[in-house]
Amino acid sequence: MKMSQKCSPLKSVRVKLFLTLSLVILLIISFLIVVNNFVFGQFYLYSKRQTLKSVYETVNDYYNKAQSGDLESELEKIAIQNNFDILIRNNQNVNVYTSNKDFYSTFGQMNEMTSRFNTGAGEMIEQSDSFVIKKIKDNKNGVTYVLLASTLDNGYLLYIRIPITSIQESVKISNNFLYLMAGFAILIAAVIVSYVSRRFTDPILELNDIARKMANLDFSHKYRITDADDEINHLGKSINVMSDKLEKTIKQLRSTNIELEKDIEEKSKIDEMRKSFISDVSHELKTPIALIQGYSEGLLENVNSDEESRKFYAEVILDEINKMDKLVKQLLELMKLEYGKREFKDRKFNLVELEKEVIRKSQVILEEKRVEVQLETPEEINVLADDFYIEQVISNYLTNAIKHVKSIDKKSKIRITNEVNIEKNKVRIKVFNTGDTIEEEHMNRIWNRFYKIDSSRTRSNGGTGIGLSFVKAIMNHYQNHYGMINQEDGVEFYFDLDLMI
């Protein structure tokens, strides 16, 4: 199954990482804005309220304990640090201390100020027996204040106020700043993510590419291990180990599969060879078995009572038995050759000496048929092959030529020729005999077992009909050319061998 090599850009790890980080930044900024809008103001008021009460306690303790020191300097520092307006009046309504000369004029007469606290004007923030804290808006200048009004233990009146309009402006400015920071943060995140994601995703992409190739049974690529002691490096090591083990296992499986296929092919060949052998033997032994049966019945029934006839019958039976034995042996040998069950022992030998030996063994029958054999060849031709099987090829060609040779111009000739081709590193052996040519329809069939062209290949000439099949099987083993060519006055058979120089 072919796996996809590319994914959608929106599904890539880098884009997902960038979008995730951008979303996190936006969520954080949004949270800060919400907190800034709804919490910061309240927290600021709470903080200032505590400061107001702290100032109240400080002033009250000062008068109760008659402490020495400069209260005005202390109150001035507090007023400046916290943006407070502080006003203290004694029992005679005389200003003891004020941090802002406009403080009293802003509220009008003191009785008006006191009245506003007592009538419930403004928003009550906190109230106790000693003080009241309210949020009051000054309609004259539109400023909203948080005002603490209290009566000290010594009867003095203490007023402290702080404007809160600046708080709202600070929140707005802070929100605008957060919006701006969100934009910068996303741009910076894009740069950071581009760098960081490359550091993280490149190894992941490499691992993905290796895994994809492993899925296609390509184990040539390995992850480049680094010195980093992290999960990706450990994963890369694990994938390399897995790749090696898978490669080894698949090689073993392939090797086992090849051996299994060879075994199956071997069994198939053996079965085919067995069926072919049985078929051929059954076909070819019908005639000799019938002859043996007939002559044996004649002997049992004493068809011929004289000794000479019985001897003839016995000789016919023995001759047929010998032919059967020869046929079965040759057929077994041919089967083993055709199905690769014979081991060839190739060696260097002189082809010309082998040809002379084959001619010498056939000399008697050559003289009987008055056949002239011509050997046209150099003195020495060294070849690489199994001399036992090459002798059978030459013998079969020569025997076949002797059987079919006919006199042309009152001469029966057989000519053996060796043509050496140095460029191809081959030698072609040709065996020619004078006589009738072979029709085209028979030229390919003569190499099949037991194929007969005419009555010349009958039982009377002693042949088994598998000589040319031997040639075909042996030449197929060496993957060399063989065949026959009709000449003007006869037939030429040939085969090739590898030279050994």
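Visitor: Is V24 buried, exposed or partly exposed?

Guide: V24 has a relative accessible area of 38%. Buried means under 20% and exposed over 50%, with partly exposed in between (1.4 Å probe, protein chains only). This is a predicted model, in which local features need pLDDT of at least 70, side-chain atom pairs count only at pLDDT 80 or more, and totals for chains, interfaces and linings use all residues; because of its 38% relative accessible area, V24 is therefore classed as partly exposed.

Visitor: In which element does V24 lie?

Guide: Residues are numbered from 1 along each chain as its sequence is written, and side-chain values use heavy atoms, with hydrogens and water left out. Helices (H or I, at least four residues) and strands (E, at least two) are DSSP runs numbered from the N terminus. The run spanning residues 13–64, where V24 lies, is helix α1.

Visitor: What separation do the C-alpha atoms of N60 and D153 have?

Guide: N60 is found in helix α1, and its relative accessibility of 8% is why N60 counts as buried. Along the chain, N60 and D153 are 93 residues apart. Their C-alpha atoms, however, are separated by 6.7 Å.
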